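Student: Could you help me learn to read a protein model? I would like to go through a few features, one at a time.

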Amino acid sequence: MKKVLFFSGLRQDVVTIFGEMMPEGFELAWHSHSISNLEKVRLIREAEFLVLHPGELADSVLQEAKSLHLIQLLTAGYDKINLKLAGELGIPVATNGGANAWAVAEHTVALLLTLYRRLIACDQSVREGKWRQAVTGFDTFEVAGKTVGLLGAGNIGRKVAWRLKSFETNIIYYDTNSSPELEAELGAKRVSLDELVKEADIITIHLPLLRETRSLLGEREFLMMKKNAVILNPSRGEIVDEDALIAALKEKRIAGAGLDVFHQEPIAVSNPLLALDNVVLSPHVAGHAYEGWFRRSRFAWENIQRVAVGEKPISVARLNEE
């Protein structure tokens, strides 16, 4: 029996789903992600496959993984795994293969509509008996006719593009690689970063956190944006210079932001973002949806099985990606 170890920061339901999908020939042991690194070291020494959510592992633990053939993440992000060290140890690190892409794309649209239609203020006013007092009719907006600027045209970015195109938008995108699919099927146009931040009404971020994407949007870029621009970030907080974002929002140089990720998580109670009424916030849950846990688990087991029979895993995180 091949030994699979699962460090989980999730509720028991996810562990149950993952366990029920286990193929024959494997044995699974799961432990809370919150146990000490000393305890993780003891457990990891005999494991052949390691499953993680969140995608975090201390170097001191990784160095003791003497029998490990694969680190399989249930997450899309891998920026808290030392890929260089894993590579030196000959251990591939695989992401969830885009299993959460549907959820993230839908959450992105939800953030946008909540901003545009002032849904939080509307909900609160109804509960307080203040009928129609939350909006004037001049402070809510339609998505139709807007230019959507995608930062990243990968799996999630493409799904967002498809969803927002149905609102009768114009799609532009910035990516190191072209997307013939978006260009042919949605009429999307690949542009430079400067062109995107100048032209887009809706800027939506779908990039990994890399050396070259850290603080990709800073003071310079915010100064170029339209006054009606909104920022959507369900990706990684560090891709945006948070201080520059807060200044732009406070000074009304941009119209708003929908954020699922932050520089510090959980977000500090003193963070100025919490006091702004032109921001919609969620606690890094864009990728969480009931259906997605089955998809993530299925992909993880399929990848584990590949490696178990001598094949290479797919959706492997690369060292040059920070």
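Tutor: Happy to! This is a predicted model, and we will take a few of its features in turn.

Student: Where is Glu48, and is it buried or exposed?

Tutor: Glu48 sits in the loop between α2 (37–44) and β3 (49–53). Glu48 is buried and has no salt bridge. A salt bridge needs a side-chain nitrogen of Lys or Arg within 4 Å of a carboxyl oxygen of Asp or Glu. Here the nearest side chain of opposite charge, Lys2, is 4.3 Å away.

Student: What does the side chain of Glu48 reach, then?

Tutor: It reaches the backbone nitrogen of Lys3, at 2.9 Å. Beyond its neighbours within four places in sequence, Glu48 also has contacts that include Met1, Ser67 and His69.

Student: Which residues does the cis peptide bond with omega about 5 degrees join?

Tutor: That bond joins His53 and Pro54, and Pro54 lies in the loop between β3 and α3 (59–62). Another cis bond runs from Glu265 to Pro266, with omega near -5 degrees. Pro266 belongs to the loop between β11 and β12.

Student: What is phi for Arg118?

Tutor: Phi is near 50 degrees for Arg118, a positive value in a residue other than glycine. His284 also has a positive phi, near 55 degrees.

Student: Why does Arg118 count as partly exposed?

Tutor: Because its relative accessibility is 26%, and partly exposed covers values between the buried limit of 20% and the exposed limit of 50%. His284 is partly exposed too, with a relative accessible area of 29%.

Note on methods
Residues are numbered from 1 along each chain as its sequence is written. This is a predicted model: local features need pLDDT of at least 70, side-chain atom pairs count only at pLDDT 80 or more; totals for chains, interfaces and linings use all residues. Side-chain values use heavy atoms; hydrogens and water are left out. Helices (H or I, at least four residues) and strands (E, at least two) are DSSP runs, numbered from the N terminus. Buried means under 20% relative accessible area, exposed over 50%, partly exposed in between (1.4 Å probe, protein chains only). Lys and Arg count as positive and Asp and Glu as negative; His and the chain ends are not counted. A polar contact is a pair of N or O atoms within 3.5 Å; within protein, one must be able to donate a hydrogen and the other to accept it, and residues adjacent in sequence count only if both atoms are side-chain atoms. Contact means heavy atoms within 4.5 Å.
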